[in-house]
Amino acid sequence: MDVIFGRNKEEHPEPIKAEVKGELPSWLQGILLRNGPGMHTVGETQYNHWFDGLALMHSFTFKNGEVYYRSKYLRSDTYNCNIEANRIVVSEFGTMAYPDPCKNLFAKAFCYLSHTIPEFTDNCLINIMKTGEDYYATSETNFIRKINPHTLETLEKADYNKYVAVNLATSHPHYDSAGNVLNMGTSIVDKGKTKYVIFKIPSSVPEKEKKKSYLKHLEVLCSIPSQSLLHPSYYHSFGVTENYIIFVEQPFKLDILKLATAYFRGVNWASCLSFHKEDKTWIHLIDKKTKKDISTKIYTDAMVLFHHVNAYEEDGHVVVDVISYSDNSLYQTFYLKNLNEDLEENTKLTSIPACKRFVVPLGFDKDAEVGTNLVKLPSTTATALKEKDGSIYCQPETLCEGIELPRINYDYNGKKYRYIYATEVRWSPVPTKIAKVDVLTKKKLIWEEEHCWPAEPVFVPSPDLKEEDDGLILSSIVTSDPRKAPFLLILDAKTFTEIARATVDVDLHLDLHGIFIPEKDLNAEHE
């Protein structure tokens, strides 16, 4: 497994023509742009965790039935500092970097002091975000890096903190029908006033300001105080419906005091995260019109979640679908010491992911008896019980087990939908299959091939879409057999049959997330 996880990947900044088997539809024109860790060793130093690796972007460009591949490391400040020093000098979440032992005492002391309030990395390795006409590589810190989607060139660095007081932000923003970006972040700037901030970045700005950042027009929509001021919840994504923003405040928490002293204590920031299994998970519904959390307290049992699937409103209820775990073992499995030839032994999850459906009633009878199930939807077994203090205790319906990295037809985001596209995993966190799950019938279609590890499947809608699953699934496939070339897989989303594959003679890296950019959304001047 060293071939996949341990070795640094080469970049390929010039386009490489892929060998296409099968026939691509003529309408498939654009760029599949992906992001993930690609370099884990700098000089004689190595990151501890797979999620810490330096960001390597790669793309598959579809043009007139042909496919071109390219890859390039994000030239972040973090990348440049590390390469110049020929060692890891910038801390990541699972790896704390320390001053050069050759530095004098004054320089060391200054370095230690500067970590009291952590200056987070700009190694934006998780996702790609569209903002107006611009594209950014993103992670979970306050920094994002603008990129050229054609050439993968790194452009200017942007800091959310200049426009909104957040230290952390999600890599999974939402886009409304007008193209505005909705995102949220955690503010730990004001001591004792820790809160979650939801903000909007507009899709358009006045013509005279087009050359400037869209972030300058960022608008704070609302904020929610943390249940625990010194222990805010970790979250990787959130949900939206037509009228609500859904935030799940889980008992997987960040200890701010430990975070501030991690550098002195010689531990990484990941050690400041802990799961409190005895605590509740709070479900917040923020009304988009009033910009306030609804007054009813809604909770469920302790769980850990990274990815929301979708959410929608139906007959006076809000339906929330998420991928959840009963503990936080997923993060632990990705320490590089576990990702070796004994991978299957070392990386057994103690909780497999499950797609859970929570249903929250909106206009329920306030005089209902304690213990009454307030869910009136006949299509689900999820319950919401009225508690003595007026709060609501939600118990989910399990839609399916063993899927992660969920995607949908984004035209159905925030609306009633039917299909989830995801990778399938079991007790090991490494995906070996791609799944299409019908949330109505609970039936599942599978694509798999020996020695193949698929990436997050991306749905691309057909231009003459009539049904939700009219389109294609794109997934880059890493192969665990060095004799088998990696490839981009193109499936018919309806039947889940392969229609084409584009094979590339390069060492593909496992990525995390990304987007498909249709040709119409690509700015020709960047090409």
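User: Where do we start, and how many salt bridges are there?

Analyst: The structure holds 30 salt bridges. A salt bridge here is a side-chain nitrogen of Lys or Arg within 4 Å of a carboxyl oxygen of Asp or Glu. Keep in mind that this is a predicted model: local features need pLDDT of at least 70, side-chain atom pairs count only at pLDDT 80 or more, and totals for chains, interfaces and linings use all residues. Residues are numbered from 1 along each chain as its sequence is written, and side-chain values use heavy atoms, with hydrogens and water left out.

User: What makes D134 and K146 a salt bridge?

Analyst: Their closest N and O atoms are 3.5 Å apart, and the cut-off is 4 Å, so the pair counts. D134 sits in strand β9 (residues 134-138) and K146 in strand β10 (residues 143-147), so the bridge ties together parts 12 residues apart in sequence. Strands are DSSP runs of E, at least two residues, numbered from the N terminus.

User: What about K253, which residue does it pair with?

Analyst: K253 forms a salt bridge with D279, with the closest N and O atoms 2.9 Å apart. K253 is in strand β19 (residues 252-254) and D279 in the loop between β20 (273-275) and β21, 26 residues apart.

User: Why is K253 called buried, and why is D279 called partly exposed?

Analyst: Buried means under 20% relative accessible area, exposed over 50%, and partly exposed in between (1.4 Å probe, protein chains only). K253 has 16%, so it is buried. D279 has 25%, so it counts as partly exposed.

User: How do you know that E424 and K433 belong on the list?

Analyst: Their closest N and O atoms are 3.6 Å apart, and that is within the 4 Å limit, so they qualify. E424 is at 8% relative accessibility, so it is buried; K433 has 23%, so it is partly exposed.

User: Which residues are linked in a network of salt bridges?

Analyst: K436, E467, D469, D470 and K494 are.

Note on methods: Helix = DSSP H or I, 4+ residues; strand = E, 2+ residues; numbered from the N terminus.
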